[in-house]
Amino acid sequence: MPTVAQSTETDWVSRFADDVIAESERRAPGKPVVVASGLSPSGPIHLGNLREVMTPHLVADEIRRRGHEVRHLISWDDYDRYRKVPVGVPGTDTSWAEHIGRPLTSVPAPAGSAYPNWAEHFKAAMTESLAELGIEYDGISQTEQYTSGAYREQILHAMRHRAEIDAILDRYRTKAKDTKDGTAATKDGAGTGDQAKGKVPAQAKGGRQQVEEAELEAEEGSGAAAEDDGSGGSAGYFPYKPYCGGCGKDLTTVTSYDDATTELTYTCSECGFSETVRLSEFDRGKLVWKVDWPMRWAYEGVIFEPSGVDHSSPGSSFVVGGQIVREVFDGVQPIGPMYAFVGISGMAKMSSSKGGVPTPADALKIMEAPLLRWLYARRRPNQSFKIAFDQEIQRLYDEWDALERKVADGSVLPADASAYARATGTAAGALPSTPRPLPYRTLASVVDITAGAEEQTLRILSELDPARPLTSLDEARPRLDRAENWITSQVPAEARTIVRSEPDHELLDSLDEQARESLRLLLEGLDGHWSLDGLTTLVYGVPKVLAGLEPDAKPTAELKVAQRSFFALLYRLLVGRDTGPRLPTLLLAVGADRVRKLLGA
């Protein structure tokens, strides 16, 4: 079983694992440790939601590595109401608005989908991504739980104790009254504290992107937002919402309930339907979110479950749930760290970017699973971070490769070693990796220049290191495929590299003697430096030689100016603009004969 180097001071995963194991032994000795996540398939499940899964996954995996039995539950909140038609989802139009208020599993899937309903359509992509990320879990459909009667006793218990639940909620409610600007205050506590005042949670501060993420998380979290805390009509408070037997929507109000017979009467404001049912035999409804969540904590024996920062305010689901699970369900609130939001750096041409943010599937198209795992593993839950879809992904891969070299030579710090081990494998074994992990920026430059032509790509990559030539593109996969996907999906057409077909005679004729001499020195050295390292030495060395220095001389400020001028000249002659891919890679891609032609040999 893979081991993880531990640093008790800096390794947040190990610290949480210690706490969770101790708490599980205290609460349920001899039983599997239970950690949990919740995902709502109300639309594309984005990379912010992934932190809801990755945080308990990493802790659960550490517990497994220590030899303990552990269950990671992922509740698919597919019995939640359909709240709105997400913007930019292909295969939908305004007609889907007629389903608002119905369970997600009762809403048709987008047109052309192979899945039976809305929830299954969006669960499918996430399920595939979780498998690629090596996440082991037990999935629980809340539709199946509620409609099978699994929670029946818990529902009846909540209804019997509705007065206690109402009293707990009332501690956080604000009285409906006009504010200074004439708007009414919220009733259920969701708008109290800093959120009501328009302040951003501390963890979400740090720029517009983080604010946007905070709003998106609050709207599309695990079910807490946009849901009331129960019926509060003239008949009193009820923590249960039936789905209407007429229209199937939850726009219902309980008008009476008898604890002895469990007879419940409700009416629907949407279609006017009304009926009386026995709740002890009725399975078409659910507890409201602020009661449903703590009920599940007690029902499943959850020891660890994180939640977003939107749950940390007064009156939030986690705060209220802690009291409800204790006072109503005789349970214990899980260890529940709040996790900060995940930002996105660059979102060009993303199918999901029209109405939201990229999904794990989007990220896994342009980066390998270990790298994506590493982004979540190396940051404590309360630290925000960004996932790069722009040029920053190249720097990110450079950092990852540098870490891998440190692991290999033993110079890595313990906390970094732990994050690396958690990224590259799980208790079940190592994740797939690229046999020859060539630099991502090099691969991206090559597929950009070759437009993905495999024969030419192999030629160039095999010349990067003549002492150890690449013999097959499969050696560079899947990283090569990820780099190609990044180029084709994220780099705008105007930024793509197109090598000139003919020399720029006008520019060549206008060059002064020093510029001509720089080109002569470069062309003269091509054959003797035809490798990635060799060409790097050559292109940086030409301006040094022109200045009367040795090729390996340390650059001065003046020399750096000369180098930039030389590089710009080469770019204009090769690709017709002042910048482009790294010159050594570009020269290899263009080929020696064509370089000579374009540089006016």
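Residues are classed here as buried when the relative accessible area is under 20%, exposed when it is over 50%, and partly exposed in between, with a 1.4 Å probe and protein chains only. The structure is a predicted model, in which local features need pLDDT of at least 70 and side-chain atom pairs count only at pLDDT 80 or more, whereas totals for chains, interfaces and linings use all residues. Residues are numbered from 1 along each chain as its sequence is written, and side-chain values use heavy atoms, with hydrogens and water left out. Helices (H or I, at least four residues) and strands (E, at least two) are DSSP runs, numbered from the N terminus.

Two residues other than glycine have a positive phi. Thr262, with phi near 65°, lies in the loop between strand E7 (252–257) and strand E8 (263–268). Its relative accessibility is 9%, so Thr262 counts as buried. Asp330 has a phi of about 55° and is placed in the loop between helix H10 (317–327) and strand E12 (338–339). At 73% relative accessibility, Asp330 counts as exposed. A cis peptide bond, with omega about 10°, joins Arg477 and Pro478; Pro478 is found in the loop between helix H16 (454–462) and helix H17 (479–490).

Strands E7 and E8 also belong to an open sheet of three strands, ordered E7-E8-E9, with antiparallel pairing. Its edge strands, E7 and E9 (274–278), each pair on one side only. From one strand to the next, the twist averages 25°. Two strands are taken to pair if DSSP finds at least two bridges between them; five bridges join E7 to E8. Thr252 has Cys268 in E8 as its bridge partner.

Helix H13 (residues 392–409) packs against helix H14 (residues 414–424) at an angle of about 110°, with the axes 11 Å apart. H13 is therefore roughly perpendicular to H14. Axes are lines fitted to C-alpha atoms, for helices over the stretch in contact, and angles run from 0 to 180 degrees between N-to-C directions. Angles under 35 degrees count as roughly parallel, over 145 as roughly antiparallel, 65 to 115 as roughly perpendicular and the rest as oblique. On the H13 side, Trp400, Leu403, Glu404 and Val407 meet Asp416, Tyr420, Ala423 and Thr424 of H14, contact meaning heavy atoms within 4.5 Å. By class, five nonpolar, one polar and two charged residues make up this contact. Ala, Val, Leu, Ile, Met, Phe, Trp, Tyr, Cys and Pro count as nonpolar, Asp, Glu, Lys and Arg as charged, and the others, Gly among them, as polar.

A search of the whole structure finds 20 aromatic pairs. Rings of Phe, Tyr and Trp (its six-membered ring) pair if their centres lie within 6.5 Å; planes under 30 degrees apart count as stacked, over 60 as edge-to-face and the rest as tilted. Tyr151 and Tyr299 form an edge-to-face pair, 5.1 Å centre to centre with 85° between the planes. Tyr151 lies in the loop between helix H4 (142–147) and helix H5 (152–160) and Tyr299 in helix H9 (residues 289–300), so the pair ties together parts 148 residues apart in sequence. Tyr151 is buried, at a relative accessible area of 1%, whereas Tyr299 is partly exposed, at 37%. The pair formed by Tyr397 and Tyr440 is stacked, because the ring centres are 4.3 Å apart and the planes are at 10°. Tyr397 is in helix H13 and Tyr440 in helix H15 (residues 440–450), so this pair ties together parts 43 residues apart in sequence. Both Tyr397 and Tyr440 are buried. One aromatic cluster is formed by Tyr79, Tyr146, Tyr151, Tyr243 and Tyr299.
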